[in-house]
Amino acid sequence: MNSTIADELLDQALAERRALVQLCLYALDRARSSGIVERIEEGLAGIGVTALRPDGERFDPARHEAGGTLPTDDASLAGVVAETEVVGFVDRGRTLRAPVVTVYTTR
């Protein structure tokens with residue numbers, strides 16, 4: 001097999017992988033069963049696509065999307081992710097979708 005055919009096959013396989021990963025993310029967003037969500041996430045993790053749930057981490061606008069705020073009297077929590085509203089995903093370090101999070105703010 002010459003390199004042109006091999007390159008074309010590799011390009012096709014990578015394009016098909018991207019399409020399947022996007023289809024899995026679409027299905028995850030609509031899944032009503034926690035068991036199905038868990039199974040799809042496990043399958044994705046097996047090919048290098050991992051879920052991002054940054055609860056408890058410091059909010060980073062370069063990595064997270066703020067979906068809302070939650071007031072708190074605890075100043076040490078200001079700027080910390082209170083909860084993940086929409087799970088994010090990375091594919092071997094490349095962000096596919098940033099997580100949408102709720103961030104603590106002081107009153």
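Which residue forms a salt bridge with Asp91? I looked it up: the partner is Arg94, with the closest N and O atoms 4.0 Å apart. For the record, a salt bridge here is a side-chain nitrogen of Lys or Arg within 4 Å of a carboxyl oxygen of Asp or Glu.

Ground rules before I go on. This is a predicted model, so local features need pLDDT of at least 70 and side-chain atom pairs count only at pLDDT 80 or more, while totals for chains, interfaces and linings use all residues. Residues are numbered from 1 along each chain as its sequence is written, and side-chain values use heavy atoms, with hydrogens and water left out.

**Entry: Asp91**

I found Asp91 in strand 4. Helices (H or I, at least four residues) and strands (E, at least two) are DSSP runs, numbered from the N terminus. My cut-offs: buried is under 20% relative accessible area, exposed is over 50%, and partly exposed is in between (1.4 Å probe, protein chains only). I then listed what Asp91 touches, leaving aside neighbours within four places in sequence: Arg17, Ile47, Gly48, Val49 and Leu96. Contact means heavy atoms within 4.5 Å. I also noted a network of salt bridges linking Arg17, Asp91, Arg92 and Arg94.

**Entry: other salt bridges**

How many salt bridges does a search of the whole structure find? It finds eight. One I wrote down joins the side chains of Arg97 and Asp29 at 2.7 Å, N to O. Arg97 sits in strand 5 (residues 94-97) and Asp29 in helix 1, so this pair ties together parts 68 residues apart in sequence. Asp29 is partly exposed, at 42% relative accessible area. I also noted Asp60 with Arg63, at 3.8 Å, N to O. Asp60 is partly exposed at 24%, and Arg63 is partly exposed at 45%.

**Entry: helix 2**

I checked the length next. Helix 2 has 13 residues and runs 18 Å from first C-alpha to last, close to the 18 Å expected at 1.5 Å a residue; the expected span is 1.5 Å times one less than the number of residues. Its buried residues are Val37, Ile40, Glu41 and Leu44.

Then the ends. At the start of helix 2, a side-chain oxygen of Ser33 comes within 3.2 Å of the backbone nitrogen of Gly35. Just after helix 2, Gly48 takes a positive phi of about 95°.

**Entry: the core**

Last stop, the largest nonpolar core: nine residues, namely Val21, Leu25, Leu28, Val37, Ile40, Leu44, Val49, Val87 and Phe89. Such a core is a set of buried Ala, Val, Leu, Ile, Met, Phe, Trp, Tyr and Cys residues joined through side-chain atoms within 4.5 Å. Helix 1 (3-30) and helix 2 (34-46) each supply at least two of its residues. I followed up Val87: leaving aside neighbours within four places in sequence, Val87 contacts Glu41, Ala51, Leu52, Arg53, Arg97 and Pro99.

Key: A polar contact is a pair of N or O atoms within 3.5 Å; within protein, one must be able to donate a hydrogen and the other to accept it, and residues adjacent in sequence count only if both atoms are side-chain atoms.
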